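Please read them with the structure open beside you.

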Amino acid sequence: MISQCTGRTDSGNQLQSASDEVELERMEWFREAKFGLFLHWGLYSISEGEWGGDTTLAEWLMIKADIPSSEYEKLAKKFNPVDFNAREWVRVAKAAGMRYIVITAKHHDGFCMYDSKYTEYDILDATPYGKDPMKELAKACREGGIKLCFYYSIADWHHPELHQKYNQRKFHPAGFHGNPNPNADIRKYAEYMKNQTQELLSNYGDVGIIWYDAGGAFRGDDMAKLLDTESIIKMIREMQPGCLINDRLAGPGTDYGTPEQHIPEGVQAKPFEVCMTLGRKWSWSKYDVDWKTPAQVIFNLVDITSKGGNYLLGIGPKPDGSLPTPATEILPQVGKWLDEYGESVYNAGAIRDQLRFREGIATQGDDKIYLHFFKEIGKETITLEGYFHDHKKIYMLDPSGNKEIKTEKYHGALVLHLPKKLNPNPDRIIVIEY
Ligand code: FHN
(Lines give C-alpha, C1' and ligand atoms only; values in the text may rest on other atoms or scores of the structure.)
Protein backbone atom coordinates (compact mmCIF):
# COMPACT_ATOMS: atom_id res chain seq x y z
CA MET A 1 0.00 0.00 0.00
CA ILE A 2 1.37 3.41 -0.90
CA SER A 3 0.90 6.14 1.68
CA GLN A 4 -0.91 9.10 0.14
CA CYS A 5 1.06 11.49 2.29
CA THR A 6 4.58 10.31 1.64
CA GLY A 7 4.09 8.08 -1.38
CA ARG A 8 6.20 5.58 0.57
CA THR A 9 5.16 1.90 0.69
CA ASP A 10 4.27 0.38 4.06
CA SER A 11 7.20 -2.01 3.83
CA GLY A 12 9.33 0.75 2.37
CA ASN A 13 11.13 -1.72 0.14
CA GLN A 14 8.90 -1.91 -2.93
CA LEU A 15 10.48 1.24 -4.42
CA GLN A 16 12.10 0.77 -7.80
CA SER A 17 15.52 2.31 -7.17
CA ALA A 18 17.64 4.59 -5.01
CA SER A 19 16.74 7.53 -7.25
CA ASP A 20 13.04 6.81 -6.59
CA GLU A 21 13.85 6.95 -2.89
CA VAL A 22 15.56 10.33 -3.33
CA GLU A 23 12.63 11.60 -5.37
CA LEU A 24 10.09 10.42 -2.78
CA GLU A 25 12.13 12.00 0.00
CA ARG A 26 12.28 15.32 -1.86
CA MET A 27 8.54 15.27 -2.61
CA GLU A 28 7.43 14.30 0.90
CA TRP A 29 6.83 17.85 2.25
CA PHE A 30 5.03 18.75 -0.99
CA ARG A 31 2.67 15.74 -0.83
CA GLU A 32 1.87 16.53 2.79
CA ALA A 33 1.48 20.32 2.23
CA LYS A 34 -1.39 20.03 -0.30
CA PHE A 35 -2.18 23.79 -0.31
CA GLY A 36 -0.01 26.81 -1.13
CA LEU A 37 -0.25 30.58 -1.69
CA PHE A 38 0.90 31.99 -5.03
CA LEU A 39 1.90 35.68 -4.92
CA HIS A 40 2.42 37.83 -8.03
CA TRP A 41 4.00 41.08 -6.87
CA GLY A 42 6.08 43.47 -8.97
CA LEU A 43 6.28 46.80 -10.80
CA TYR A 44 3.13 45.81 -12.73
CA SER A 45 1.23 45.96 -9.40
CA ILE A 46 1.65 49.76 -9.45
CA SER A 47 -0.71 50.06 -12.43
CA GLU A 48 -3.47 48.44 -10.32
CA GLY A 49 -4.76 46.87 -13.54
CA GLU A 50 -5.04 50.03 -15.63
CA TRP A 51 -2.82 51.66 -18.28
CA GLY A 52 -3.85 54.30 -20.80
CA GLY A 53 -7.52 53.69 -20.10
CA ASP A 54 -7.27 49.89 -20.49
CA THR A 55 -8.53 48.35 -17.24
CA THR A 56 -7.98 44.70 -18.18
CA LEU A 57 -4.30 44.58 -17.32
CA ALA A 58 -2.20 42.79 -14.69
CA GLU A 59 1.27 41.19 -14.67
CA TRP A 60 1.39 41.20 -18.50
CA LEU A 61 1.14 45.02 -18.41
CA MET A 62 4.41 45.67 -20.27
CA ILE A 63 3.70 43.38 -23.23
CA LYS A 64 -0.03 44.08 -23.51
CA ALA A 65 0.43 47.86 -23.37
CA ASP A 66 3.59 47.53 -25.51
CA ILE A 67 5.63 49.63 -23.09
CA PRO A 68 9.33 50.13 -23.94
CA SER A 69 11.83 49.47 -21.15
CA SER A 70 12.74 53.18 -20.97
CA GLU A 71 9.11 53.91 -19.97
CA TYR A 72 8.45 50.82 -17.86
CA GLU A 73 11.62 51.30 -15.80
CA LYS A 74 10.17 54.57 -14.46
CA LEU A 75 7.67 52.51 -12.44
CA ALA A 76 10.54 51.42 -10.21
CA LYS A 77 10.85 54.93 -8.83
CA LYS A 78 7.23 54.66 -7.66
CA PHE A 79 7.54 51.27 -5.98
CA ASN A 80 7.63 51.81 -2.22
CA PRO A 81 5.59 49.11 -0.37
CA VAL A 82 5.61 50.83 2.99
CA ASP A 83 2.78 48.61 4.29
CA PHE A 84 4.58 45.37 3.43
CA ASN A 85 4.55 43.10 6.46
CA ALA A 86 6.01 39.66 5.81
CA ARG A 87 4.74 38.27 9.10
CA GLU A 88 1.19 39.35 8.16
CA TRP A 89 1.45 37.61 4.79
CA VAL A 90 2.62 34.41 6.52
CA ARG A 91 -0.14 34.75 9.13
CA VAL A 92 -2.80 35.03 6.38
CA ALA A 93 -1.35 32.04 4.53
CA LYS A 94 -1.22 29.87 7.66
CA ALA A 95 -4.72 30.92 8.74
CA ALA A 96 -5.92 29.70 5.33
CA GLY A 97 -4.33 26.32 5.95
CA MET A 98 -1.63 26.97 3.38
CA ARG A 99 1.75 25.38 3.99
CA TYR A 100 3.94 27.04 1.38
CA ILE A 101 4.27 30.36 -0.40
CA VAL A 102 5.47 30.80 -4.00
CA ILE A 103 6.38 34.43 -4.75
CA THR A 104 7.59 36.12 -7.94
CA ALA A 105 11.30 36.73 -7.51
CA LYS A 106 11.35 37.83 -11.16
CA HIS A 107 8.38 37.83 -13.53
CA HIS A 108 8.49 38.23 -17.32
CA ASP A 109 9.13 42.00 -17.02
CA GLY A 110 12.62 41.14 -15.78
CA PHE A 111 12.39 43.24 -12.63
CA CYS A 112 13.92 41.44 -9.65
CA MET A 113 11.88 41.63 -6.43
CA TYR A 114 14.98 40.65 -4.48
CA ASP A 115 18.53 42.01 -4.15
CA SER A 116 20.44 40.53 -7.09
CA LYS A 117 24.14 41.09 -7.59
CA TYR A 118 23.71 40.45 -11.31
CA THR A 119 21.58 43.47 -12.06
CA GLU A 120 20.74 46.94 -10.72
CA TYR A 121 17.18 46.38 -12.03
CA ASP A 122 15.99 45.16 -8.67
CA ILE A 123 13.98 46.34 -5.66
CA LEU A 124 17.01 47.24 -3.58
CA ASP A 125 18.86 49.33 -6.19
CA ALA A 126 16.06 50.76 -8.32
CA THR A 127 13.25 51.65 -5.90
CA PRO A 128 12.80 54.06 -2.97
CA TYR A 129 11.96 51.03 -0.82
CA GLY A 130 15.65 50.10 -0.77
CA LYS A 131 15.17 46.83 1.15
CA ASP A 132 14.95 43.17 0.15
CA PRO A 133 11.40 41.96 0.95
CA MET A 134 12.41 38.39 0.18
CA LYS A 135 14.82 38.46 3.15
CA GLU A 136 11.94 39.50 5.41
CA LEU A 137 9.62 36.92 3.87
CA ALA A 138 12.22 34.17 4.22
CA LYS A 139 12.58 35.00 7.92
CA ALA A 140 8.83 35.13 8.47
CA CYS A 141 8.37 31.79 6.68
CA ARG A 142 11.07 30.17 8.79
CA GLU A 143 9.51 31.55 11.97
CA GLY A 144 6.04 30.53 10.78
CA GLY A 145 7.07 27.03 9.78
CA ILE A 146 6.00 27.27 6.15
CA LYS A 147 8.09 26.77 3.03
CA LEU A 148 9.28 29.73 0.95
CA CYS A 149 9.42 29.08 -2.78
CA PHE A 150 10.49 31.36 -5.65
CA TYR A 151 8.75 31.87 -8.97
CA TYR A 152 11.39 32.68 -11.61
CA SER A 153 10.46 33.73 -15.15
CA ILE A 154 12.42 32.15 -17.99
CA ALA A 155 11.07 34.85 -20.28
CA ASP A 156 12.62 38.28 -19.74
CA TRP A 157 11.33 41.41 -21.49
CA HIS A 158 14.19 43.58 -20.14
CA HIS A 159 17.48 41.64 -20.15
CA PRO A 160 19.71 42.70 -23.10
CA GLU A 161 21.01 39.18 -23.75
CA LEU A 162 17.60 37.57 -24.38
CA HIS A 163 16.62 38.04 -28.01
CA GLN A 164 12.98 39.09 -28.45
CA LYS A 165 12.36 36.03 -30.67
CA TYR A 166 12.56 33.77 -27.60
CA ASN A 167 10.00 35.79 -25.63
CA GLN A 168 6.26 35.53 -26.16
CA ARG A 169 5.14 36.10 -29.75
CA LYS A 170 1.50 36.40 -28.62
CA PHE A 171 1.13 40.08 -29.56
CA HIS A 172 4.26 40.66 -31.66
CA PRO A 173 5.21 38.22 -34.45
CA ALA A 174 8.90 38.96 -33.87
CA GLY A 175 8.48 38.33 -30.16
CA PHE A 176 8.42 41.04 -27.47
CA HIS A 177 11.22 42.94 -25.71
CA GLY A 178 11.25 46.35 -24.06
CA ASN A 179 14.61 47.19 -25.66
CA PRO A 180 15.35 44.65 -28.45
CA ASN A 181 19.03 43.77 -28.99
CA PRO A 182 19.69 42.11 -32.37
CA ASN A 183 23.04 40.87 -31.05
CA ALA A 184 21.66 39.26 -27.90
CA ASP A 185 23.71 36.21 -26.86
CA ILE A 186 21.47 33.48 -25.42
CA ARG A 187 24.48 31.90 -23.69
CA LYS A 188 24.92 35.05 -21.62
CA TYR A 189 21.24 35.02 -20.70
CA ALA A 190 21.48 31.35 -19.75
CA GLU A 191 24.40 32.23 -17.46
CA TYR A 192 22.36 35.10 -15.95
CA MET A 193 19.44 32.76 -15.26
CA LYS A 194 21.74 30.18 -13.68
CA ASN A 195 23.53 32.82 -11.57
CA GLN A 196 20.23 34.22 -10.31
CA THR A 197 18.98 30.74 -9.46
CA GLN A 198 22.21 30.24 -7.52
CA GLU A 199 21.77 33.44 -5.51
CA LEU A 200 18.14 32.62 -4.73
CA LEU A 201 19.33 29.27 -3.36
CA SER A 202 22.25 30.87 -1.47
CA ASN A 203 20.73 33.90 0.23
CA TYR A 204 17.30 32.96 1.61
CA GLY A 205 17.80 29.70 3.48
CA ASP A 206 15.91 26.57 2.51
CA VAL A 207 13.85 27.02 -0.66
CA GLY A 208 10.94 24.64 -1.25
CA ILE A 209 10.54 25.12 -4.99
CA ILE A 210 12.15 27.04 -7.83
CA TRP A 211 8.95 27.65 -9.77
CA TYR A 212 10.18 28.29 -13.30
CA ASP A 213 7.76 29.77 -15.80
CA ALA A 214 8.15 30.55 -19.50
CA GLY A 215 4.62 31.86 -19.97
CA GLY A 216 4.67 30.85 -23.62
CA ALA A 217 8.23 31.99 -24.31
CA PHE A 218 10.68 29.61 -26.04
CA ARG A 219 7.66 28.05 -27.81
CA GLY A 220 9.01 25.89 -30.63
CA ASP A 221 12.57 26.45 -29.41
CA ASP A 222 14.81 23.89 -27.75
CA MET A 223 14.80 25.56 -24.32
CA ALA A 224 16.78 22.75 -22.71
CA LYS A 225 19.61 23.16 -25.23
CA LEU A 226 19.56 26.95 -25.52
CA LEU A 227 19.61 27.50 -21.74
CA ASP A 228 21.59 24.37 -20.84
CA THR A 229 18.85 23.56 -18.34
CA GLU A 230 20.52 20.29 -17.39
CA SER A 231 23.36 22.23 -15.76
CA ILE A 232 20.83 24.42 -13.89
CA ILE A 233 18.95 21.36 -12.64
CA LYS A 234 22.23 19.72 -11.60
CA MET A 235 23.25 22.86 -9.70
CA ILE A 236 19.91 23.00 -7.86
CA ARG A 237 20.17 19.33 -6.88
CA GLU A 238 23.69 19.93 -5.56
CA MET A 239 22.94 23.19 -3.73
CA GLN A 240 19.59 22.24 -2.16
CA PRO A 241 18.65 18.56 -2.72
CA GLY A 242 15.29 19.22 -1.05
CA CYS A 243 14.30 21.98 -3.48
CA LEU A 244 11.69 20.99 -6.08
CA ILE A 245 11.71 22.04 -9.72
CA ASN A 246 8.43 22.26 -11.64
CA ASP A 247 7.98 21.02 -15.20
CA ARG A 248 8.01 24.45 -16.86
CA LEU A 249 11.80 24.32 -17.08
CA ALA A 250 12.40 21.97 -20.00
CA GLY A 251 14.95 19.38 -19.08
CA PRO A 252 15.60 16.04 -17.43
CA GLY A 253 14.27 15.08 -14.02
CA THR A 254 11.97 17.91 -12.99
CA ASP A 255 9.60 17.01 -10.19
CA TYR A 256 5.96 17.74 -10.94
CA GLY A 257 3.36 18.96 -13.41
CA THR A 258 1.63 22.37 -13.31
CA PRO A 259 -1.89 22.42 -14.82
CA GLU A 260 -3.04 26.03 -14.79
CA GLN A 261 -6.55 27.40 -14.10
CA HIS A 262 -8.11 23.94 -14.46
CA ILE A 263 -8.31 20.67 -12.55
CA PRO A 264 -7.30 17.63 -14.62
CA GLU A 265 -9.73 14.76 -15.07
CA GLY A 266 -9.00 11.59 -13.10
CA VAL A 267 -6.20 10.49 -10.79
CA GLN A 268 -2.83 11.61 -12.16
CA ALA A 269 0.15 9.23 -12.37
CA LYS A 270 2.74 11.95 -11.62
CA PRO A 271 2.66 14.51 -8.79
CA PHE A 272 1.03 17.75 -9.89
CA GLU A 273 0.01 21.15 -8.59
CA VAL A 274 -2.96 23.07 -9.96
CA CYS A 275 -2.23 26.81 -9.98
CA MET A 276 -5.32 29.00 -10.04
CA THR A 277 -6.21 32.61 -9.32
CA LEU A 278 -8.53 33.41 -6.41
CA GLY A 279 -9.94 36.28 -8.52
CA ARG A 280 -9.49 36.56 -12.27
CA LYS A 281 -5.95 38.04 -12.30
CA TRP A 282 -2.61 36.77 -11.08
CA SER A 283 -1.45 40.18 -9.89
CA TRP A 284 -3.32 43.03 -8.16
CA SER A 285 -6.01 44.83 -10.15
CA LYS A 286 -8.63 47.03 -8.56
CA TYR A 287 -10.88 45.99 -11.45
CA ASP A 288 -10.67 42.31 -10.47
CA VAL A 289 -14.06 41.73 -8.84
CA ASP A 290 -14.85 38.09 -9.65
CA TRP A 291 -13.58 36.19 -6.60
CA LYS A 292 -14.08 32.50 -5.83
CA THR A 293 -16.18 31.73 -2.75
CA PRO A 294 -14.75 29.77 0.18
CA ALA A 295 -16.98 26.85 -0.87
CA GLN A 296 -15.52 26.88 -4.40
CA VAL A 297 -11.97 26.93 -3.03
CA ILE A 298 -12.77 24.03 -0.66
CA PHE A 299 -14.37 22.03 -3.47
CA ASN A 300 -11.33 22.60 -5.70
CA LEU A 301 -8.95 21.62 -2.90
CA VAL A 302 -10.82 18.36 -2.19
CA ASP A 303 -11.20 17.57 -5.90
CA ILE A 304 -7.47 18.15 -6.53
CA THR A 305 -6.55 16.08 -3.43
CA SER A 306 -8.75 13.24 -4.70
CA LYS A 307 -6.64 13.19 -7.89
CA GLY A 308 -3.32 13.21 -6.02
CA GLY A 309 -2.35 16.85 -6.44
CA ASN A 310 -1.65 20.16 -4.69
CA TYR A 311 -3.55 23.42 -4.97
CA LEU A 312 -1.56 26.66 -5.45
CA LEU A 313 -3.98 29.58 -5.10
CA GLY A 314 -2.94 32.96 -6.50
CA ILE A 315 -3.46 36.51 -5.26
CA GLY A 316 -1.70 39.78 -6.05
CA PRO A 317 -0.46 41.97 -3.18
CA LYS A 318 -1.07 45.68 -3.70
CA PRO A 319 1.81 48.09 -4.54
CA ASP A 320 1.81 49.30 -0.92
CA GLY A 321 2.43 45.72 0.30
CA SER A 322 -1.04 45.09 1.70
CA LEU A 323 -3.15 42.13 0.61
CA PRO A 324 -6.45 42.44 -1.31
CA THR A 325 -9.39 42.67 1.09
CA PRO A 326 -11.41 39.90 -0.62
CA ALA A 327 -8.47 37.54 -0.10
CA THR A 328 -8.26 38.38 3.59
CA GLU A 329 -12.00 37.67 3.88
CA ILE A 330 -12.16 34.46 1.81
CA LEU A 331 -8.99 32.67 2.92
CA PRO A 332 -9.71 32.55 6.68
CA GLN A 333 -13.03 30.80 5.94
CA VAL A 334 -11.15 28.15 3.98
CA GLY A 335 -8.74 27.83 6.89
CA LYS A 336 -11.61 27.39 9.37
CA TRP A 337 -13.00 24.52 7.30
CA LEU A 338 -9.53 22.94 7.15
CA ASP A 339 -9.17 23.32 10.92
CA GLU A 340 -12.34 21.25 11.33
CA TYR A 341 -12.21 18.83 8.37
CA GLY A 342 -8.66 19.13 7.05
CA GLU A 343 -7.66 15.53 7.85
CA SER A 344 -9.57 14.52 4.69
CA VAL A 345 -7.10 16.65 2.72
CA TYR A 346 -3.79 16.76 4.59
CA ASN A 347 -3.81 13.06 5.64
CA ALA A 348 -5.23 11.80 2.38
CA GLY A 349 -4.84 11.65 -1.35
CA ALA A 350 -6.24 9.78 -4.35
CA ILE A 351 -8.37 6.70 -3.80
CA ARG A 352 -6.28 3.54 -4.23
CA ASP A 353 -9.18 1.08 -3.92
CA GLN A 354 -11.68 0.19 -6.61
CA LEU A 355 -14.33 2.03 -4.63
CA ARG A 356 -17.10 3.57 -6.73
CA PHE A 357 -18.67 6.58 -4.96
CA ARG A 358 -20.93 8.46 -7.34
CA GLU A 359 -22.53 10.93 -4.92
CA GLY A 360 -19.45 13.03 -4.26
CA ILE A 361 -15.65 13.00 -4.02
CA ALA A 362 -13.60 10.38 -2.12
CA THR A 363 -10.09 10.78 -0.73
CA GLN A 364 -8.07 8.06 0.98
CA GLY A 365 -5.48 8.18 3.73
CA ASP A 366 -3.40 5.36 5.19
CA ASP A 367 -6.32 3.74 7.03
CA LYS A 368 -9.35 5.92 6.27
CA ILE A 369 -11.57 6.69 3.33
CA TYR A 370 -13.28 10.11 3.30
CA LEU A 371 -16.54 10.52 1.40
CA HIS A 372 -17.25 14.21 0.66
CA PHE A 373 -20.84 15.16 -0.15
CA PHE A 374 -20.83 18.61 -1.72
CA LYS A 375 -24.55 18.68 -2.36
CA GLU A 376 -27.74 17.16 -1.03
CA ILE A 377 -28.20 13.75 -2.63
CA GLY A 378 -31.92 13.43 -1.92
CA LYS A 379 -31.85 9.86 -0.64
CA GLU A 380 -31.38 8.16 2.70
CA THR A 381 -28.90 5.47 1.69
CA ILE A 382 -25.94 5.19 -0.64
CA THR A 383 -24.32 2.02 -1.92
CA LEU A 384 -20.54 1.74 -2.15
CA GLU A 385 -19.54 -0.84 -4.75
CA GLY A 386 -16.01 -2.16 -4.99
CA TYR A 387 -15.51 -1.65 -1.28
CA PHE A 388 -13.68 -4.53 0.35
CA HIS A 389 -12.26 -3.48 3.71
CA ASP A 390 -13.41 -4.91 7.02
CA HIS A 391 -13.97 -1.50 8.55
CA LYS A 392 -13.61 -0.68 12.24
CA LYS A 393 -16.17 2.11 12.21
CA ILE A 394 -18.01 4.47 9.90
CA TYR A 395 -19.01 7.93 11.06
CA MET A 396 -19.92 11.46 10.02
CA LEU A 397 -16.90 13.73 10.67
CA ASP A 398 -18.17 16.36 13.08
CA PRO A 399 -15.97 18.66 15.21
CA SER A 400 -18.69 18.61 17.87
CA GLY A 401 -18.57 14.82 18.00
CA ASN A 402 -18.49 12.23 15.24
CA LYS A 403 -21.84 10.56 14.54
CA GLU A 404 -21.88 6.79 13.96
CA ILE A 405 -23.35 5.76 10.56
CA LYS A 406 -25.50 2.64 10.26
CA THR A 407 -24.41 0.24 7.49
CA GLU A 408 -25.26 -3.14 6.00
CA LYS A 409 -23.73 -5.40 3.39
CA TYR A 410 -25.75 -6.02 0.20
CA HIS A 411 -24.48 -8.38 -2.50
CA GLY A 412 -20.86 -7.51 -1.70
CA ALA A 413 -21.51 -3.81 -1.64
CA LEU A 414 -21.75 -1.64 1.46
CA VAL A 415 -24.94 0.31 2.08
CA LEU A 416 -24.67 3.44 4.25
CA HIS A 417 -27.75 4.88 5.99
CA LEU A 418 -27.30 8.62 5.96
CA PRO A 419 -28.32 10.70 8.96
CA LYS A 420 -31.39 12.82 8.34
CA LYS A 421 -29.68 16.08 9.43
CA LEU A 422 -26.42 16.62 7.55
CA ASN A 423 -24.00 19.28 8.78
CA PRO A 424 -24.69 22.73 7.33
CA ASN A 425 -21.16 23.15 5.98
CA PRO A 426 -20.16 23.19 2.30
CA ASP A 427 -18.96 19.66 2.67
CA ARG A 428 -20.31 16.72 4.69
CA ILE A 429 -17.78 13.99 5.22
CA ILE A 430 -18.36 10.35 6.08
CA VAL A 431 -15.26 8.54 7.30
CA ILE A 432 -14.70 4.81 6.81
CA GLU A 433 -12.00 3.73 9.24
CA TYR A 434 -10.46 0.30 8.61
O1 FHN B 1 2.60 34.18 -18.22
C2 FHN B 1 2.49 33.66 -16.90
C3 FHN B 1 1.44 34.39 -16.12
O4 FHN B 1 1.76 35.74 -16.05
C5 FHN B 1 1.36 33.80 -14.71
O6 FHN B 1 2.60 34.00 -14.02
C7 FHN B 1 1.04 32.31 -14.81
C8 FHN B 1 1.01 31.67 -13.42
O9 FHN B 1 1.10 30.28 -13.55
N10 FHN B 1 2.08 31.63 -15.61
C11 FHN B 1 2.22 32.15 -16.95
C12 FHN B 1 1.02 31.80 -17.81
O13 FHN B 1 0.94 30.39 -17.88
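1. In this predicted model, Leu 39 stands opposite Ile 103 in strand E2. The two strands involved are E1, which covers residues 35–39, and E2, which covers residues 100–106; they run parallel and are joined by 4 bridges.

2. Strands E1 and E2 belong to an open sheet of 7 strands, whose order is E5-E4-E3-E2-E1-E7-E6 and whose pairing is parallel. At the edges of this sheet stand strand E5 (244–245) and strand E6 (272–277), each of which pairs on one side only.

3. There is also an open sheet of 3 strands, in which the pairing is antiparallel and the order is E10-E14-E13. Why is one side of E10 and of E13 left without a neighbour in the sheet? Strand E10 (381–384) and strand E13 (406–410) are at the edges and each has a single partner strand, so one side of each remains without a neighbour there. From one strand to the next, the twist averages 25 degrees.

4. Within this antiparallel sheet, E10 is joined by 4 bridges to strand E14, which spans residues 413–417 and runs antiparallel to E10.

5. Turning to the ligand, which residues are the closest? The ligand is surrounded by 14 residues, of which the closest are His 40, Glu 59, His 108, Asp 213 and Glu 260. The space that the ligand takes up is the second largest pocket.

6. In the case of Arg 248, the distance between a polar side-chain atom and an oxygen atom of the ligand is 3.4 Å. On its own the ligand has 330 Å² of accessible area, and the protein covers 89% of that area.

Note on methods
Residues are numbered from 1 along each chain as its sequence is written. This is a predicted model: local features need pLDDT of at least 70, side-chain atom pairs count only at pLDDT 80 or more; totals for chains, interfaces and linings use all residues. Side-chain values use heavy atoms; hydrogens and water are left out. Two strands pair if DSSP finds at least two bridges between them. Axes are lines fitted to C-alpha atoms, for helices over the stretch in contact, and angles run from 0 to 180 degrees between N-to-C directions. A residue is near a molecule or strand if one of its heavy atoms lies within 4 Å of it. A polar contact is a pair of N or O atoms within 3.5 Å; within protein, one must be able to donate a hydrogen and the other to accept it, and residues adjacent in sequence count only if both atoms are side-chain atoms. Accessible areas come from the Shrake-Rupley method with a 1.4 Å probe; for residues, only the protein chains shown count as cover. On a 1 Å grid over the protein atoms alone, a cavity is a set of points where a 1.4 Å probe fits but cannot get out, and a pocket is an open set with protein on both sides within 12 Å along at least five of seven lines; lining residues have an atom within 4 Å of a point. A molecule sits in a cavity or pocket if more than half of its atoms lie within 2 Å of its grid points.
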